[in-house]
Each structure stands twice: as structure tokens, then as C-alpha cells.
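Thanks for coming. I will go through a few local features, strand pairing to begin with, then some single residues and a surface patch.

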Amino acid sequence: MWWKNNIVYQIYPRSFQDSAETEFPNDGFGDIPGIISRLDEIKELGTGVIWLSPVYKSPDADNGYDISDYLDINPKFGTMADMEKLFAEAKRRDLKIIMDLVINHTSDEHEWFKKSRDPKSPYRDYYIWCPGKIDKRGRRQPPNNWTGFFAGETWEYDEQSGEYYLHLFDKKQPDLNYKNPSVIEEVKNILRFWLDKGASGFRCDVINIIYKTSLEDGKKSLTVQGMEHYKSQEGNHAVLQELRRIVLDKYDCFTVGETVFVELEDAKLLCDESRKELNMLFFFDHLEVDRRVARFIPKKFRARKLLEVMTKWQKGLDWCALYLENHDQTRIVSHFGAERNNKFPGKPGQYWQRSAKMLALFELTLRGTPFIFQGQEIGMTNFDFTGIEEVNDVESRGLNKLMKKFGIPKALRWKWIKASSRDNNRTPVQWDDSENAGFTKGKPWLGVNSNYKKINYASQKNDPNSVLNFYKKLIALRKENRCLVHGDFIPIHADNRIMIYQRKCVTSSAEAEEYTIALNFSYRKIRIPKKFISLFSGTLITSASGEQWDGSLLPWDGILIKNN
Ligand code: NOJ
């Protein structure tokens, strides 16, 4: 299957590359012609598939994850003709494109929703409308106690209809009603439309929560309350099976589901090939090993915990979607790498490059399909904004409001938002050291990280020791070594700072192939414990430090050994 042997590159269009070729030239907003102008860079990296975050028509309440027309393009990104050109130019370079399928909700500006405001409209039942309750004092209250993903309400009262509608995300993102077969038919048409245009599959947004079995009150919860009524429901599985059987299986395509709060048992069902639902999914556990309350409050990082969680998924699922970053996360070098706090020993930034490479080694030596988020391949870091006013993310703003309500002081609120905000990954790609990092000739929609003169694509392109060239090297290596892609994952050892694992497989000539990987997530030089040293006999294929291997791991180093 082509999607198993491939590597996916995620583009978050508004931050990728601006151009002068749309209705809004140099508007500080990345666009489709901008993407076309950078396809060669994506090809050179060695990735074969692009996941395109939403480019559809949208009022942008949640940066395009609120769609007002699934079959049209947001003019800020370009036109349908630009999109067709993107498919053609990608194909010419043997690059496939998967689209973002956001079908849990639409925008409240979608025609379906506008019509559904009328209780008599056939579109009424496309969404989840409910009369609400009256409390003891005779006041109107929402239909249940659910809380939302953006730290806010889940019900909005609509004066025109005299009822509430459900929105698990922002109030501008009303949830669709999957008990209504017409909604499923609409989704099938959307899938066909994009597959016929040339898409090779879909990344499916929050796809394990689309079916709401009941609207009863939820159990008290610190995070999202009410989830037991809609997470991984039988009806959800049935919808996915129907879409797969009736549409997706007729095309050469794949799906990767974004599955929120997913547990291994659910994930096994969702990805079981014989059930025909999803091809693979994104789980979140590994990025939350140093976080409390989902990903919002930081706690101490331990390599042992990370290996334990990874092992659970590597062994538990037949095939994993591998990722360390996306547009909802923070930069991995600032999360698990040496940039994770500013109290590190040595010069600031001393281990930035090495730890970025070590993390590349981690992702690219696991079993599954790796996804690389734009900028990850050059080791981009978290933003350097100085205050909440500079943050655009609707989730961070919701969180700030909620924390304020609970009396959490400003400094603490900022500390947590800084550590978790999705804007960390949404700053423009740093292409070169010219103004605005070569992203735009206008004013960028979100601040450019001030480290762009040091961290940028152009300066890394011809530097053999750069993070970029390390990614290129590992991607090429992975393409040539079946064992790194398909081999078994074998955890060996981990403590607070280091981890060791192996990849093993039997080749066609019946000889076992084996790799040992050791990673250091700390500022200390660490000796490999004696009892594991025999596992390191063989050839050093590469290391993050570029140094020879002498039985110790240098600070933030990672090594890959081919055993003999
Ligand atoms: C997950 C997407 O990745 C995120 O960016 C978005 O805010 C929510 N789903 C809602 O669509």
C-alpha cells in the first residue's frame, strides 16, 4: 500500500507561503499559488504526500476549520482553478494530496445552517436543535451540562428559531446531525467531489465524535464534559463504514482520522482493516506525557513515560500514524527538545540543532507512516510572543477567559497559554533571512518568530550539518530500509533521560535485519548501561551529534546503529 511506504508533509496554508497571485496579493496570508511555488522543496525533502489543512470557503472563526462551502475555495487562498493547478503540479512531481475533511461541524455561515434556522426547513434536521430547559426560577437553561473543546459553552440560543443548537467547538461551528441520513449523503458527495478532482484521501477532523447517541447530562469532568454520549459510538463506526464502503473503497485513497481522547481499544476497532473504517489514526497520548488536563498544564518530562506510551501504541495497533507536530500542537524542539525551557545549562540554543535532529531520528525510526508538519524539518521553535494580545488562536482565547473566570492570575495564565497555544506552530514558515522570513511581502497575519535569521530554510539548504539535511537523509534511509518502516518495534530500556529501542524484521532472504536506536533527552552525557551495551555492536548509521559513538550518549544525541 503506497501510503504505508510514504511520508506525509502537512501544509497549514495560511502560514506556508504568501504570493502576489491571488485576488489579495501579498496580503500576509499564505495561499495556493504560494504552495505551488514551493512544491520542489517538498519533493526534495523526500515526502510523497501532502496533507492540506482546509482551504475551503470559510469565515475563519477557527482558521478554516469552520467551512461555509465544502466545494469552493476561500478567495484568500486563491480560486478553484488554482486548486486544480495545485493537483496537476503535484502530480507532475509524483506528489499526492490529501484534503482535510471537517464534517463534525460546518460554519454557521454554511447555507445548510442558515436554512436550518427555520424550524420548518428540510435542513432543520441537519443540525442538533433542542428547546432547552427552564430552571426553578423560570429562566431558560441549555439542554444539558456538556462543556466544549474550546473551554466554553456547547449550546447557543438562537432567537430566530427559539431553540438552542449544539456546538462542541466555537459557537460559529454548529455540529451536524449524523442521525440524519441526508447529512451522510451530503458527505458522500463532498468526498466524491474531491476524489474526482484528484485528492488521494482525507485527514478526518475529530472523526470519532461525530455521532451523538444521546443528549443526556455528562459525568462531571475537568476537561470535556459529556463525551461519553458521543465519543466512539456504535453509530460513529457505522457512518465510517458506510463512507468507506460506498465511496472511499472505489478510489485509490487512504484516510487518517484525528481521534480525540482516543483509547487503544477504540483505536483498534477504528483501524481494524476487516471492519473498513479508517486506515490509520492520530492518537494524542505521546504528546501529553508531560502535560496535565489534556495538553494545557506542563509537568515534568520523563523519557521512560514516553517510551511506555509509544510502546503501547506501536504494539497495540497494526499501523500507526506517526507525528510529533501539527497545527494544534507546539514545536517539538520546544516541547521534548532542548528548547523546552529557558533554564538550560550552557549557551541558549546550544543544543537546539542536535535535539531537533534527535527528535527527527525518533519519529523516523518508528513503525508507521510519519507526518511532518511544515517547519518541523528546519527545527522551528515555539513563538516568542510576549503577551496574550498577540495570540490569535480561538482555543487559547477561550482558555484565557475560562481561567480568568476562575481567578487564575495573569502571569500564570500566560505561562500556561505560552506552553500550550496552537499559535506556537502557526507562525509563518521561515524560508530565508529576508524581511518576514521570505513568507510575505506584506504584513503577516501572525507574527514571524524573531529567530528567523538564525533558523531558516535557505541557510540550511546547503549546510550538510543542518536539521533539514538530517531529515532528508533519514527520509531517504527509511525509503531504502523496509525494516525501519515495517519491522517490529522492541522497547529495550528507558529512564528519566534516555530511551533505547530496536527495530527488527526478517528480510526476504530470511536473514534478520536489526537496528538499535538510543536517544538522550537531557543536557547530560550518559553512559549506556553495561547490560545493554552488547545491543550496540554494528555500524553507526547516523547520529544527531555527528560524533563517533564511544558507549556514551552526548547531551541530546540520538544514534542509529545497524546491528550485525
Ligand atoms: C481539530 C483541528 O485540528 C483543529 O484545528 C480544530 O480547531 C478542531 N478540530 C475543530 O475543527
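Cys130 has Tyr164 in β10 as its bridge partner. The strands in question are β6 and β10 (residues 163-166), which run antiparallel and are joined by two bridges. A word on terms: strands are DSSP runs of E with at least two residues, helices are runs of H or I with at least four, and both are numbered from the N terminus. Two strands count as paired if DSSP finds at least two bridges between them.

This is a predicted model, where local features need pLDDT of at least 70 and side-chain atom pairs count only at pLDDT 80 or more, while totals for chains, interfaces and linings use all residues. Residues are numbered from 1 along each chain as its sequence is written, and side-chain values use heavy atoms, leaving out hydrogens and water.

Back to β6 and β10. They belong to an open sheet of three strands, in the order β6-β10-β9 with antiparallel pairing. Which strands stand at the edges? Those are β6 (129-130) and β9 (155-158); each has a single partner strand, so one side of each is left without a neighbour in the sheet.

Next, another set of strands. β18 (residues 488-494) pairs with β19 (residues 498-506) in the antiparallel sense, over six bridges. The two form a hairpin, with three residues between them. Within this pairing, Ile490 is opposite Gln502 of β19. β19 is also joined to β20 (residues 512-520), again antiparallel, by nine bridges. There, Cys505 faces Glu513 in β20 as its opposite residue.

Now single residues. Met280 and Trp319 are 39 residues apart in sequence, with 6.6 Å from C-alpha to C-alpha.

Tyr251 is in the loop between α6 (234-246) and β12 (254-258). With 26% relative accessibility, Tyr251 is partly exposed. Its C-alpha is 8.7 Å from that of Gly201, 50 residues apart in sequence.

Last, the surface. Arg292 is in strand β14 (residues 291-292) and is partly exposed, at 45% relative accessible area. A patch of positive charge on the surface includes Arg292, Lys299, Lys300 and Arg302. Patch residues have over 30% relative accessible area and no salt bridge, with like charges joined within 9 Å and nonpolar side chains (Val, Leu, Ile, Met, Phe, Trp, Tyr) within 5 Å. A salt bridge is a side-chain nitrogen of Lys or Arg within 4 Å of a carboxyl oxygen of Asp or Glu.

Definitions and conventions. Areas by Shrake-Rupley, 256 points an atom, 1.4 Å probe, with all protein chains shown as cover. Lys, Arg positive; Asp, Glu negative; His and termini not counted. Charge placed at Lys NZ, Arg CZ, Asp CG, Glu CD. Buried < 20%, exposed > 50% of the residue type's maximum accessible area, 1.4 Å probe, protein only.
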